[in-house]
Amino acid sequence: MASSHAEKSDAIVIRQADFSETSKVVTLFTREFGKLSTLAKGAKRLKGPFEGALDLLAHCRVVFLPKHEALSLLTEAQLVTRFRPADHNLNRVYAGYYIAELLDGLMSERDEHVPLFDRSIHTLDLISHQPDLRKPLVLYELALLEQIGLLPILDQCQCGTPIQPQTTYTFWVSQGVLLCPQCRQPDIPSRDISGGTLALLRMLTSGQDKLIDNLKITDHQYKEIRSFLNSSISAALDRKPRMLSMLNVF
Ligand SMILES: [Zn+2]
(Lines give C-alpha, C1' and ligand atoms only; values in the text may rest on other atoms or scores of the structure.)
Protein backbone atom coordinates (compact mmCIF):
# COMPACT_ATOMS: atom_id res chain seq x y z
CA MET A 1 0.00 0.00 0.00
CA ALA A 2 2.22 2.83 -1.21
CA SER A 3 0.25 5.97 -0.54
CA SER A 4 2.10 9.20 -0.95
CA HIS A 5 -0.83 11.58 -0.93
CA ALA A 6 -1.28 13.85 2.08
CA GLU A 7 -3.60 12.88 4.92
CA LYS A 8 -5.30 15.20 7.42
CA SER A 9 -6.34 14.66 11.00
CA ASP A 10 -6.95 16.24 14.37
CA ALA A 11 -4.12 15.31 16.71
CA ILE A 12 -2.69 15.66 20.20
CA VAL A 13 1.08 16.02 20.61
CA ILE A 14 2.15 13.26 23.03
CA ARG A 15 5.94 13.32 22.70
CA GLN A 16 8.72 15.21 21.03
CA ALA A 17 12.41 14.61 20.65
CA ASP A 18 15.17 16.53 18.89
CA PHE A 19 16.17 14.93 15.63
CA SER A 20 18.65 17.35 14.09
CA GLU A 21 19.64 20.96 14.46
CA THR A 22 16.35 22.08 13.01
CA SER A 23 14.01 19.07 13.08
CA LYS A 24 12.07 17.12 15.68
CA VAL A 25 10.47 13.72 15.85
CA VAL A 26 6.93 14.40 17.03
CA THR A 27 4.66 11.60 18.22
CA LEU A 28 1.00 12.38 17.69
CA PHE A 29 -2.17 10.69 18.84
CA THR A 30 -4.40 11.40 15.86
CA ARG A 31 -8.15 11.06 15.70
CA GLU A 32 -8.25 9.24 12.39
CA PHE A 33 -5.02 7.23 12.37
CA GLY A 34 -4.17 6.54 16.02
CA LYS A 35 -0.61 6.99 17.20
CA LEU A 36 1.71 8.35 14.55
CA SER A 37 5.44 9.11 14.63
CA THR A 38 6.31 12.04 12.41
CA LEU A 39 9.30 14.05 11.33
CA ALA A 40 8.72 17.79 11.66
CA LYS A 41 11.34 19.58 9.59
CA GLY A 42 12.13 23.08 10.77
CA ALA A 43 10.20 22.59 14.03
CA LYS A 44 13.13 23.89 16.07
CA ARG A 45 13.37 27.19 14.27
CA LEU A 46 11.91 30.08 16.24
CA LYS A 47 9.76 31.26 13.39
CA GLY A 48 9.32 27.77 12.02
CA PRO A 49 6.45 26.44 9.95
CA PHE A 50 4.50 25.05 12.91
CA GLU A 51 4.28 28.12 15.21
CA GLY A 52 3.74 26.55 18.63
CA ALA A 53 1.23 24.00 17.31
CA LEU A 54 3.57 21.19 18.33
CA ASP A 55 3.91 21.97 22.04
CA LEU A 56 3.36 18.95 24.26
CA LEU A 57 -0.37 18.18 24.61
CA ALA A 58 -1.42 20.81 22.10
CA HIS A 59 -4.54 19.92 20.13
CA CYS A 60 -3.78 20.65 16.49
CA ARG A 61 -4.88 19.88 12.94
CA VAL A 62 -2.14 18.23 10.98
CA VAL A 63 -1.34 17.35 7.39
CA PHE A 64 1.22 14.62 6.79
CA LEU A 65 2.66 12.37 4.14
CA PRO A 66 2.23 8.81 5.40
CA LYS A 67 5.20 6.46 5.30
CA HIS A 68 4.66 2.91 6.32
CA GLU A 69 8.17 1.81 7.15
CA ALA A 70 9.52 5.09 8.50
CA LEU A 71 8.49 8.35 10.07
CA SER A 72 5.60 10.09 8.35
CA LEU A 73 6.50 13.55 7.18
CA LEU A 74 4.59 16.32 8.92
CA THR A 75 3.88 19.12 6.49
CA GLU A 76 1.41 21.32 8.39
CA ALA A 77 0.19 21.76 11.96
CA GLN A 78 -2.37 24.30 12.99
CA LEU A 79 -3.03 24.97 16.65
CA VAL A 80 -6.60 24.36 17.86
CA THR A 81 -6.00 24.68 21.63
CA ARG A 82 -2.98 24.71 23.85
CA PHE A 83 -2.88 22.64 27.04
CA ARG A 84 -2.97 25.46 29.54
CA PRO A 85 -3.56 24.33 33.14
CA ALA A 86 -5.20 26.90 35.42
CA ASP A 87 -2.95 28.72 37.93
CA HIS A 88 0.15 27.01 36.49
CA ASN A 89 -0.79 24.22 38.91
CA LEU A 90 1.92 21.57 38.74
CA ASN A 91 -0.41 18.71 39.57
CA ARG A 92 -2.52 19.58 36.52
CA VAL A 93 0.63 19.67 34.40
CA TYR A 94 1.67 16.24 35.69
CA ALA A 95 -1.83 14.87 35.04
CA GLY A 96 -1.49 16.02 31.43
CA TYR A 97 1.98 14.46 31.13
CA TYR A 98 0.56 11.27 32.61
CA ILE A 99 -2.06 11.11 29.84
CA ALA A 100 0.66 11.68 27.24
CA GLU A 101 2.78 8.93 28.79
CA LEU A 102 -0.12 6.46 28.75
CA LEU A 103 -1.03 7.19 25.14
CA ASP A 104 2.58 6.95 24.03
CA GLY A 105 3.17 3.72 25.94
CA LEU A 106 -0.10 1.88 25.34
CA MET A 107 -1.26 2.83 21.86
CA SER A 108 0.02 1.01 18.79
CA GLU A 109 1.05 2.93 15.69
CA ARG A 110 -1.75 3.33 13.17
CA ASP A 111 -4.43 1.85 15.38
CA GLU A 112 -7.33 4.29 15.43
CA HIS A 113 -9.45 4.88 18.55
CA VAL A 114 -11.80 7.76 17.77
CA PRO A 115 -13.77 7.66 21.07
CA LEU A 116 -10.53 7.63 23.06
CA PHE A 117 -9.24 10.60 21.07
CA ASP A 118 -12.41 12.56 21.85
CA ARG A 119 -12.20 11.57 25.50
CA SER A 120 -8.54 12.63 25.63
CA ILE A 121 -9.44 16.12 24.40
CA HIS A 122 -12.30 16.31 26.91
CA THR A 123 -10.14 15.05 29.80
CA LEU A 124 -7.28 17.47 29.05
CA ASP A 125 -9.87 20.24 29.23
CA LEU A 126 -11.27 18.96 32.57
CA ILE A 127 -7.89 18.55 34.24
CA SER A 128 -6.97 22.08 33.14
CA HIS A 129 -9.58 23.65 35.38
CA GLN A 130 -11.61 21.22 37.54
CA PRO A 131 -10.85 21.46 41.28
CA ASP A 132 -10.71 17.68 41.78
CA LEU A 133 -8.66 15.76 39.22
CA ARG A 134 -9.33 12.32 40.68
CA LYS A 135 -12.58 11.43 38.93
CA PRO A 136 -11.64 12.72 35.44
CA LEU A 137 -8.40 10.73 35.61
CA VAL A 138 -10.07 7.54 36.85
CA LEU A 139 -12.67 7.77 34.08
CA TYR A 140 -9.95 8.33 31.53
CA GLU A 141 -7.83 5.39 32.67
CA LEU A 142 -10.86 3.08 32.69
CA ALA A 143 -11.80 4.19 29.16
CA LEU A 144 -8.25 3.66 27.96
CA LEU A 145 -8.01 0.15 29.44
CA GLU A 146 -11.36 -0.70 27.90
CA GLN A 147 -10.31 0.58 24.46
CA ILE A 148 -7.17 -1.54 24.41
CA GLY A 149 -9.01 -4.59 25.69
CA LEU A 150 -7.27 -4.72 29.07
CA LEU A 151 -10.11 -3.75 31.39
CA PRO A 152 -10.71 -6.71 33.72
CA ILE A 153 -14.19 -8.22 33.83
CA LEU A 154 -15.76 -6.43 36.79
CA ASP A 155 -18.96 -8.37 37.44
CA GLN A 156 -17.75 -11.89 38.17
CA CYS A 157 -14.99 -13.99 39.63
CA GLN A 158 -12.97 -16.06 37.19
CA CYS A 159 -15.12 -19.05 38.33
CA GLY A 160 -18.23 -17.27 37.08
CA THR A 161 -19.69 -16.39 40.50
CA PRO A 162 -21.26 -12.90 40.38
CA ILE A 163 -19.54 -10.24 42.49
CA GLN A 164 -21.33 -9.64 45.82
CA PRO A 165 -21.18 -6.14 47.37
CA GLN A 166 -20.33 -7.38 50.89
CA THR A 167 -17.48 -9.69 49.88
CA THR A 168 -13.79 -8.81 49.57
CA TYR A 169 -12.14 -10.05 46.38
CA THR A 170 -8.55 -10.21 45.27
CA PHE A 171 -7.40 -8.84 41.97
CA TRP A 172 -4.90 -11.13 40.27
CA VAL A 173 -2.94 -8.41 38.53
CA SER A 174 -0.94 -10.36 35.94
CA GLN A 175 -4.04 -12.21 34.71
CA GLY A 176 -6.39 -9.23 35.04
CA VAL A 177 -9.04 -11.32 36.82
CA LEU A 178 -10.89 -11.13 40.12
CA LEU A 179 -10.84 -13.99 42.58
CA CYS A 180 -13.58 -14.74 45.12
CA PRO A 181 -12.64 -16.10 48.58
CA GLN A 182 -13.03 -19.70 47.28
CA CYS A 183 -10.72 -19.11 44.29
CA ARG A 184 -8.13 -17.08 46.15
CA GLN A 185 -4.65 -18.57 46.36
CA PRO A 186 -2.27 -17.16 48.95
CA ASP A 187 0.89 -17.33 46.82
CA ILE A 188 -0.49 -15.28 43.89
CA PRO A 189 0.58 -11.61 43.84
CA SER A 190 -2.76 -9.87 44.15
CA ARG A 191 -4.52 -6.93 45.76
CA ASP A 192 -7.68 -6.77 47.81
CA ILE A 193 -10.68 -4.93 46.43
CA SER A 194 -14.13 -4.80 47.97
CA GLY A 195 -17.31 -5.85 46.17
CA GLY A 196 -18.66 -2.35 46.84
CA THR A 197 -15.75 -0.69 45.03
CA LEU A 198 -16.18 -3.14 42.14
CA ALA A 199 -19.85 -2.10 41.91
CA LEU A 200 -18.67 1.51 41.75
CA LEU A 201 -16.19 0.66 38.99
CA ARG A 202 -19.01 -0.96 37.01
CA MET A 203 -21.03 2.26 37.30
CA LEU A 204 -18.01 4.33 36.24
CA THR A 205 -17.70 2.21 33.09
CA SER A 206 -21.45 2.17 32.37
CA GLY A 207 -21.31 5.16 30.02
CA GLN A 208 -24.27 6.75 31.89
CA ASP A 209 -22.92 10.28 32.19
CA LYS A 210 -25.61 11.62 34.52
CA LEU A 211 -25.23 8.75 36.95
CA ILE A 212 -21.44 9.09 36.84
CA ASP A 213 -21.54 12.86 37.42
CA ASN A 214 -23.59 12.36 40.57
CA LEU A 215 -21.53 9.52 42.01
CA LYS A 216 -19.86 10.37 45.28
CA ILE A 217 -16.64 8.45 45.80
CA THR A 218 -15.16 8.18 49.29
CA ASP A 219 -11.44 8.49 50.02
CA HIS A 220 -11.32 4.80 50.88
CA GLN A 221 -12.95 3.88 47.57
CA TYR A 222 -10.52 6.13 45.69
CA LYS A 223 -7.68 4.36 47.43
CA GLU A 224 -8.96 0.95 46.28
CA ILE A 225 -9.66 2.25 42.77
CA ARG A 226 -6.16 3.77 42.51
CA SER A 227 -4.55 0.55 43.64
CA PHE A 228 -6.59 -1.38 41.04
CA LEU A 229 -5.78 1.11 38.25
CA ASN A 230 -2.11 1.59 39.14
CA SER A 231 -1.50 -2.15 39.05
CA SER A 232 -3.56 -2.70 35.87
CA ILE A 233 -1.78 0.10 34.04
CA SER A 234 1.68 -0.89 35.27
CA ALA A 235 0.99 -4.47 34.08
CA ALA A 236 -0.13 -3.19 30.67
CA LEU A 237 2.93 -0.92 30.32
CA ASP A 238 5.26 -3.49 31.86
CA ARG A 239 6.55 -0.78 34.20
CA LYS A 240 5.18 1.78 36.60
CA PRO A 241 4.31 5.00 34.73
CA ARG A 242 6.95 7.65 35.50
CA MET A 243 4.38 10.37 36.09
CA LEU A 244 2.46 8.33 38.64
CA SER A 245 5.00 9.04 41.37
CA MET A 246 4.82 12.79 40.68
CA LEU A 247 1.05 13.00 40.55
CA ASN A 248 -0.97 13.67 43.66
CA VAL A 249 -4.29 11.89 43.09
CA PHE A 250 -4.95 10.28 46.45
ZN1 LIG B 1 -14.37 -17.74 42.28
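Me: What makes S4 and S5 a pair, and how many residues lie between them in the hairpin?
Reply: The hairpin of S4 and S5 has six residues between its strands. This is a predicted model, where local features need pLDDT of at least 70, side-chain atom pairs count only at pLDDT 80 or more, and totals for chains, interfaces and linings use all residues. Residues are numbered from 1 along each chain as its sequence is written, and side-chain values use heavy atoms, with hydrogens and water left out. Now the pairing. S4 and S5 are antiparallel and share seven bridges. Strands pair if DSSP finds at least two bridges between them. Seven bridges meet that rule, so S4 and S5 count as paired. Within this pairing, Cys-60 faces Leu-79 of S5.

Me: How do you know that S3 and S5 pair, and in which sense?
Reply: Two bridges join S3 to S5 (residues 72-81), in the parallel sense. The rule asks for at least two, so S3 and S5 pair. Leu-39 is opposite Leu-73 in S5.

Me: What makes S1 a strand, and which residues does it span?
Reply: S1 covers residues 7-18, and Asp-10 lies in it. Strands (E, at least two residues) and helices (H or I, at least four) are DSSP runs, numbered from the N terminus.

Me: Which strands close into the barrel, and in what order?
Reply: The barrel has five strands, in the order S1-S2-S3-S5-S4, with mixed pairing. Its neighbouring strands are turned by 50° against each other on average, direction ignored. Axes are lines fitted to C-alpha atoms, for helices over the stretch in contact, and angles run from 0 to 180 degrees between N-to-C directions. S2 and S3 are antiparallel, with seven bridges. Lys-24 is opposite Ala-40 in S3. Helix H1 (residues 90-106) packs on this sheet and touches S1, S2 and S3, at about 105° to S1. Helix H2 (residues 114-129) also packs on the sheet; H2 touches S1, S2 and S4, at about 60° to S1.

Me: Why is Asp-10 called buried?
Reply: Its relative accessibility is 17%. Buried means under 20% relative accessible area, exposed over 50%, and partly exposed in between (1.4 Å probe, protein chains only). The value falls under the limit, so Asp-10 counts as buried.

Me: What makes the link between the side chains of Asp-10 and His-59 a polar contact?
Reply: The distance is 2.8 Å. A polar contact is a pair of N or O atoms within 3.5 Å; within protein, one must be able to donate a hydrogen and the other to accept it, and residues adjacent in sequence count only if both atoms are side-chain atoms. Contact means heavy atoms within 4.5 Å.

Me: How many aromatic pairs does the structure hold?
Reply: There are three. One of them joins Phe-33 and Phe-64, 5.2 Å centre to centre with 90° between the planes.

Me: Why is the pair of Phe-33 and Phe-64 called edge-to-face?
Reply: Rings of Phe, Tyr and Trp (its six-membered ring) pair if their centres lie within 6.5 Å; planes under 30 degrees apart are stacked, over 60 edge-to-face, and the rest tilted. An angle of 90° is over 60, so the pair is edge-to-face. Phe-33 and Phe-64 are both buried.

Me: Why is the pair of Phe-171 and Phe-228 called tilted?
Reply: The planes are 45° apart and the centres 4.7 Å apart. Phe-171 sits in S6 and Phe-228 in H6, so the pair ties together parts 57 residues apart in sequence. Phe-171 is buried, at 2% relative accessible area. Phe-228 is buried too, at 2%.

Me: What makes S7 and S8 edge strands?
Reply: The open sheet has three strands in the order S7-S6-S8, paired antiparallel. S7 and S8 each pair on one side only. Five bridges join S6 to S8, and three join S6 to S7.

Me: How far apart are the C-alpha centres of domain 1 and domain 2?
Reply: They lie 37 Å apart. Domain 1 is 1-82 and domain 2 is 152-245. Such bounds come from an automatic or database domain assignment.
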